[in-house]
Each structure stands twice: as C-alpha cells, then as structure tokens.
Amino acid sequence: MDIFEFDKLALFLLFFIPGFISMKVYHLLIASDKVNFSESLGEAMAFSAINYASLFWLILLMYKKNLYENSFFWFVILWSFIILIAPILWTIFYVWLTRSSFFKKRIISPFKSPWDYFFEKRESCWILVHLKNGERIGGIYSSNSFASAYPHVKEIYLEQVWEVDCDGKFIKQKTRSKGIIICGNEISSFEFFN
C-alpha cells in the first residue's frame, strides 16, 4: 500500500489543500506561532472537512447536474472555488466574526497580547512611551508607522517624534527626524491619545 499511488495522493491533497490554505490565511490575519504543518496535518484535514461539509450542497448540485460532462468549464471553476477560494473566505469570515462585538464578549480572543490587539487595529494616534529608565518619548503612530507582531520581538517605529515636557505634554515635533524605533525591552508602558 503506497501513499504515492495517484488516487491516494489525489485524495490526500484533496483533504489537505483547503485546510492548509485556511491555516495559512489565518496566520496572515492573526499574529501567531509558526506552524509545523507535518504536526498540524490533522488540523488541516479537519478544516478541509469543515469546508466540504459547508459546501456539500454545491458538490451535490454539481454532480446532480452532471457538470463534468455537460460543462467541464463550470466543473473546474466550481471545484477551484471549493478547494482554493472558499477556504480563504471562511477564514476571513471567521476572523471578522471573532472581532465583532457580539463574539468578543463570548469567545477567547485570538490575539496573543494586548500589544497585538491594539496595533492590529492600525488606528492613528498620539503615543507617549514610558521607558524603563524613566524617560518619555512622544510621537505619532500613523499609516507610515509600524509595530511588530507576535512571535517577533516587540518593537515599534513612530513616524514622528515629539518633544514632551515633564508632565508628558507634547511640545513640538523634532525637526529633521525621520522617526524612531523603540525596542520593546526598553518600554515600560504606553499612553494613547486622539
């Protein structure tokens, strides 16, 4: 019994590819650990099974209408949708659902840390960074700024740096500055302002 026989390989790929796609898209949308797919084979196949179960009505319709013989073009298009596109759409829908206010209250957050939760929103704001050495750095986090995500070391790039007074009020933008990168191990806390 050789797994590399064509029919067994095709069956394996049919039950692996949709789940693999779902897992890859999920990890692009939610910061998470790198996945070892040889260890996640069962999970990928379970996601594939959910995909096929959800689209069973479409598969049944395709075979009822005998699309393979009557319209091979639509047969290929629909199977491509089932195997390649639907897993992407299910994952995007699931991530959207987990971010909705209704489900946020009822399920565990997929975000690994408050850092990832806040910076994933990509909202522009003023930031006052409190460093462990007691210094404060003010700046603007906006469309040209960047914050790393789990599992990478926490770092933030602020596109504008502002001088702050002893009360933490923003005084003026530093001239000729192209921004600042702050390493997470130096950060004590953040304050965010509109």
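**Pockets, strands and rings**

Tutor: Let's start with the second largest pocket: the residues of its lining divide into 7 nonpolar, 4 polar and 1 charged. Keep in mind that this is a predicted model.

Student: OK, how much space lies in that second largest pocket?
Tutor: About 360 Å³.

Student: And which residues line the second largest pocket?
Tutor: Among them are Ser22, Met23, Tyr26, His27, Glu43, Phe47, Trp90 and Tyr94. Helix 1, helix 2 (41-54) and helix 5 (72-99) each give at least two residues to that lining.

Student: What about the largest pocket, how much space lies there?
Tutor: That one holds about 650 Å³. Its lining counts 29 residues, and Leu28, Ile30, Ala31, Arg122 and Ala149 lie nearest its centre.

Student: Which elements give two or more residues to the lining of the largest pocket?
Tutor: Helix 1 (6-29), helix 7 (114-120) and strand 3 do.

Student: How do the residues of that lining divide into nonpolar, polar and charged?
Tutor: The largest pocket has 15 nonpolar, 7 polar and 7 charged residues in its lining.

Student: You mentioned strand 3. Where does it sit in its sheet?
Tutor: It belongs to an open sheet of 3 strands in the order 3-4-7, with antiparallel pairing. Strand 3 (146-147) and strand 7 (180-183) are at the edges with a single partner strand each, so one side of each has no neighbour in the sheet.

Student: What holds strands of a sheet together in general?
Tutor: Strands pair through backbone hydrogen bonds, and the pairing can be parallel or antiparallel.

Student: Switching topic: is strand 1 mostly covered or mostly exposed?
Tutor: Mostly covered. Of the 7 residues in strand 1 (residues 125-131), 6 are buried.

Student: And what does strand 1 pair with?
Tutor: Two strands come up here. Strand 2 (residues 136-141) runs antiparallel to strand 1 and is joined to it by 6 bridges, with Val129 opposite Ile137. Strand 8 (residues 187-193) also pairs with strand 1 in the antiparallel sense, over 6 bridges; there, Leu131 has Ile187 as its bridge partner.

Student: How many residues lie between strand 1 and strand 2?
Tutor: There are 4, and the two strands form a hairpin. In the turn, Gly134 has a positive phi of about 95°.

Student: Now the rings. How many aromatic pairs are there in the whole structure?
Tutor: A search finds 23. Take Phe119 and Phe190: they are edge-to-face, 5.8 Å centre to centre with 75° between the planes. Phe119 is in helix 7 and Phe190 in strand 8, so this pair ties together parts 71 residues apart in sequence.

Student: Is Phe119 buried or exposed?
Tutor: Buried, with a relative accessible area of 6%.

Student: Which residues form one aromatic cluster with Phe119?
Tutor: Trp115, Phe118, Tyr141, Phe190 and Phe192 are in that cluster along with Phe119.

Note on methods: Residues numbered from 1 in each chain as written. Predicted model: local features only at pLDDT ≥ 70, side-chain atom pairs only at ≥ 80, totals over all residues. Heavy atoms only, no water. Pairing = 2+ DSSP bridges. 1 Å grid on protein atoms, 1.4 Å probe; cavity = no way out; pocket = protein on both sides within 12 Å on 5 of 7 lines; lining within 4 Å. Points joined across faces, edges and corners; volume = space filled by probe spheres on them. Nonpolar A, V, L, I, M, F, W, Y, C, P; charged D, E, K, R; others polar. Buried < 20%, exposed > 50% of the residue type's maximum accessible area, 1.4 Å probe, protein only. Phe/Tyr/Trp six-rings, centres within 6.5 Å; stacked < 30°, edge-to-face > 60°.
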